[in-house]
Amino acid sequence: MINAMNKRYLIYAALLILLALVLVFIPPVEKINDRSRFISADEVAERIIEKDPSLRLVDVRGDEEFARFNLPGAVSIPVEQLSNSGSLGQLSIEGVEIVSYSNANLTADQAWIICSRLGVNNARVLKGGLHAWYETILQPVEPSSTAPSEEPDLYMIRLAASQYFQSVQATVTPATVPGEPVDIVRKKKKTVSEGGC
């Protein structure tokens, strides 16, 4: 009888300790509801193009996904490695804004929570992740003829950014077996039709 009661207390104690650990890693509700942690794909694209030294992109997906596709200048720190001392040193750089991204928001949000708990206050999240990056920057959709006047201007900016990033990706050498020759084929530039207005 006493043995069964001790087991029950041990189970309750273990559950309370587990709950306490979970609560340590959950930021306050007001911080979770703060939408200012998000940064748009448009803003990140602009800062990459301008070679903004205060921007540090952190890909929090796995190494295999990072090797398949990543944003220019990004470093790979999988979310499960963020609390390592080496990773923390890469994130705590004064004057540098850390922007974490994954395929969508979930993993990057987890990274933001971990960074917040570790005292990294310069962290943000790429809103919508690589899905939003693809839809907004790499494959922008032309606005309808009835769209507000700002939409065509934004589309032209996104189209120019898309061309920039496609040329950047074309210059990146794919990973190969050492000693194996690499053939790089550049895309032909589209010509603008000649003539007047």
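A: The protein chain of this predicted model has an average pLDDT of 77, and 74% of its residues score at least 70; pLDDT is the predictor's confidence in each residue, on a scale from 0 to 100. Residues 172-187 have a pLDDT below 50, and this stretch makes seven contacts in the model beyond near neighbours in sequence, a contact being heavy atoms within 4.5 Å. Where pLDDT is low, the predicted coordinates should not be read in detail. Accordingly, local features need a pLDDT of at least 70 and side-chain atom pairs one of 80 or more, whereas totals for chains, interfaces and linings use all residues. Residues are numbered from 1 along each chain as its sequence is written, and side-chain values use heavy atoms, leaving out hydrogens and water.

The largest nonpolar core contains 19 residues. Such a core is a set of buried Ala, Val, Leu, Ile, Met, Phe, Trp, Tyr and Cys residues joined through side-chain atoms within 4.5 Å; buried means under 20% relative accessible area, exposed over 50%, and partly exposed in between, with a 1.4 Å probe and protein chains only. Val44, Leu57, Leu71, Tyr101, Trp133 and Phe165 have the most contacts inside this core. Helices H3 (41-49), H7 and H8 (150-171) and strands E2 (55-59) and E4 (97-101) each give two or more residues to it. Helices (H or I, at least four residues) and strands (E, at least two) are DSSP runs numbered from the N terminus.

Phe165 also touches Ala45, Ile48, Ile49, Pro72, Trp133, Ile137 and Leu138, leaving aside neighbours within four places in sequence. A second, separate core of 16 residues includes Phe38, Val58, Leu91 and Cys115.

Helix H7 (residues 129-138) is largely enclosed by the rest of the structure, because seven of its 10 residues are buried. These are Gly129, Leu130, Ala132, Trp133, Thr136, Ile137 and Leu138. Seen down the axis of H7, they fall within an arc of 165°, so they line one face of the helix; the arc is that of the directions from the helix axis to the C-beta atoms.

Glu97 forms a salt bridge with Arg47 (2.4 Å, N to O), the term requiring a side-chain nitrogen of Lys or Arg within 4 Å of a carboxyl oxygen of Asp or Glu. This pair links strand E4 to helix H3, 50 residues apart. Glu97 also meets Arg124 in a salt bridge (3.2 Å, N to O). Arg124 lies in strand E5 (residues 123-126), so this pair ties together parts 27 residues apart in sequence. Arg47, Asp52, Glu97 and Arg124 are linked in a network of salt bridges.
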